[in-house]
Amino acid sequence: MAKPYTPALMPHSASTPPFWTPSVLLTLAFAALLLAGLALRFWLATRQVRHVARHRSAVPAAFAGRIPLAAHQKAADYTIAKTRFGLLEMAISAAVTLGWTLLGGLDMLNRALLEWLGGGMLQQLALLGAFALIGGLIDLPTTLYKTFVIEQRFGFNKMTPRLWLGDLLKSTLMGAIVGLPIAALILWLMGSAGPVWWLWAWAVWMGFNLLLMVIYPLFIAPLFNKFQPLQDESLKARVTALMQRCGFAAKGLFVMDGSRRSAHANAYFTGFGAAKRVVFYDTLLRQLSSGEVEAVLAHELGHFKHRHIVKRIVSLFALSLAGFALLGWLSTQFWFYTGLGVVPNLMLPGLAPAAPNDALALLLFLLAAPVFTVFISPLFAQISRRHEFEADAYAMAQASGSDLAAALLKLYEDNASTLTPDPVYVKFYYSHPPASERLARMPTPSPMPS
């Protein structure tokens, strides 16, 4: 059911000076921030490339004797290659955002689907689906290049084209099975729940995210990877004792076949409530000793002990509530659509008044929000880095600090993480502190065997 054709959706009167209309001001602000954000990210990326290249020739003194020069140079080259390619990705992303909005791409797609399907829920879902499909096709070449060129060149990619294609098909199918029903429910609420639809939609969205945390490890993740119970009895006993000391209960300890896709190593907790489980990449278990695995797990437990996960969920709740409330207001404003290059459905001549703007409002909000929030991302990165320091401190209290330092060194080396990032780039992007800052707070591990 479409919302009433309210005065808020009517254009401003002709007496309003054209330059000062909200529509024009939104267009100018959006274009200026899009270009400013792109310029800022380009500047940060070029700083990172120059800084890493300048320090490529020698291992930093703090890591001398523990990181081989060849590994340090590989990390530098890998970082430079990814960052340079990121410049192209940023330019493409900005061009695509501009194309969807001010250049009229979303408006054209919407009109074409209206002519084909008419107004209604089917057309709105088709608009969301077509937008996602086109975006995926645009991203396809860069995704392929990163996987089969950059990751392959540095020895990290283990995926075959067949496996990659299978992952793509499964993720697309899962996106449709999971995404379309929740999208349909939110669109129905937007059209039927009255002026406070955004509050009901927010509650549905948060409930869906909490449900996903329960079902993902049990039903979705196994579609992409194999999860086997941890077989190493000695390590299992050590890890279990650690979790008991920390007051943490998990559904099980599992090893994931991460080596099928990548040589990168990791460990993580997944799930929520009774569905929590500890997952180790098989690559991690091959690279680290039992004591080092214990220290890495203790770090992850530190996030739970300091309630970082709960804090992030609460933050997500608060930010999403603010976002839905803002969307609830913007979706009734004519200038929100026209300022971003779209003519609202209800203003199109010859169209029945049963064609709602809800899907348009959702997509415009998703396109505009990153443009208007890019400059606050360092705040969230800083909070995340602080959490990592707190988790490190907890890990050193529950396990061996020297084992944690040794594990981090191995992971930085094996994942080709640069030891010399640009400090400004770090403050803007890094969710984890650089190796030098983390290891400065830990006991010095044993030197690398000669």
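Here is a friendly conversation about helix packing, aromatic rings and backbone angles in a predicted model.

Biologist: Let's start with helices H1 and H2: at what angle do they pack?

Modeller: Two packed helices are described by the angle between their axes and the distance between the axes. Helix H1 covers residues 22-54 and helix H2 covers residues 69-100, and their axes lie 9 Å apart. The arrangement makes H1 roughly antiparallel to H2, since angles over 145 degrees count that way. The packing angle is about 170 degrees.

Biologist: How many nonpolar residues does the contact of H1 with H2 have?

Modeller: From H1, the residues involved include Phe30, Leu34, Leu38 and Phe42, and they are joined by Arg41 and Gln48. On the H2 side, Ile80, Leu87, Met90 and Leu98 are among them, as are Thr83 and Arg84. By class, the contact has four polar and two charged residues, and the nonpolar ones number 15.

Biologist: Turning to the aromatic rings, how are the planes of Trp100 and Phe131 arranged: stacked, edge-to-face or tilted?

Modeller: The model has 14 aromatic pairs. In this one, the ring centres are 4.7 Å apart and the planes stand at 45 degrees. That angle falls between the 30 degree limit for stacked and the 60 degree limit for edge-to-face, so the pair of Trp100 and Phe131 is tilted.

Biologist: Another tilted pair is Tyr425 and Tyr429; is Tyr429 buried or partly exposed?

Modeller: These two rings have their centres 4.7 Å apart, with planes at 45 degrees. Both residues are in helix H15 (residues 423-429), four residues apart, which means about one helical turn between them. Tyr425 is buried with a relative accessible area of 14%. Tyr429, at 33%, is partly exposed.

Biologist: What does Arg153 touch, leaving out residues up to four places away in sequence?

Modeller: Arg153 is found in helix H4. Its C-alpha atom is 11 Å from that of Lys82, a residue 71 places away along the chain. With close sequence neighbours set aside, Arg153 touches Ala81 and Tyr145.

Biologist: Finally, the backbone: what is the phi of Ala416?

Modeller: Most residues other than glycine have a negative phi. Arg307, in the loop between helix H9 and helix H10, has a positive phi of about 60 degrees, and this residue is exposed at 55%. Ala416 lies in the loop between helix H14 and H15 and is buried, with a relative accessible area of 2%. The phi of Ala416 is also positive, near 55 degrees.

Note on methods: Residues are numbered from 1 along each chain as its sequence is written. This is a predicted model: local features need pLDDT of at least 70, side-chain atom pairs count only at pLDDT 80 or more; totals for chains, interfaces and linings use all residues. Side-chain values use heavy atoms; hydrogens and water are left out. Axes are lines fitted to C-alpha atoms, for helices over the stretch in contact, and angles run from 0 to 180 degrees between N-to-C directions. Helices (H or I, at least four residues) and strands (E, at least two) are DSSP runs, numbered from the N terminus. Angles under 35 degrees count as roughly parallel, over 145 as roughly antiparallel, 65 to 115 as roughly perpendicular and the rest as oblique. Contact means heavy atoms within 4.5 Å. Ala, Val, Leu, Ile, Met, Phe, Trp, Tyr, Cys and Pro count as nonpolar, Asp, Glu, Lys and Arg as charged, and the others, Gly among them, as polar. Rings of Phe, Tyr and Trp (its six-membered ring) pair if their centres lie within 6.5 Å; planes under 30 degrees apart count as stacked, over 60 as edge-to-face and the rest as tilted. Buried means under 20% relative accessible area, exposed over 50%, partly exposed in between (1.4 Å probe, protein chains only).
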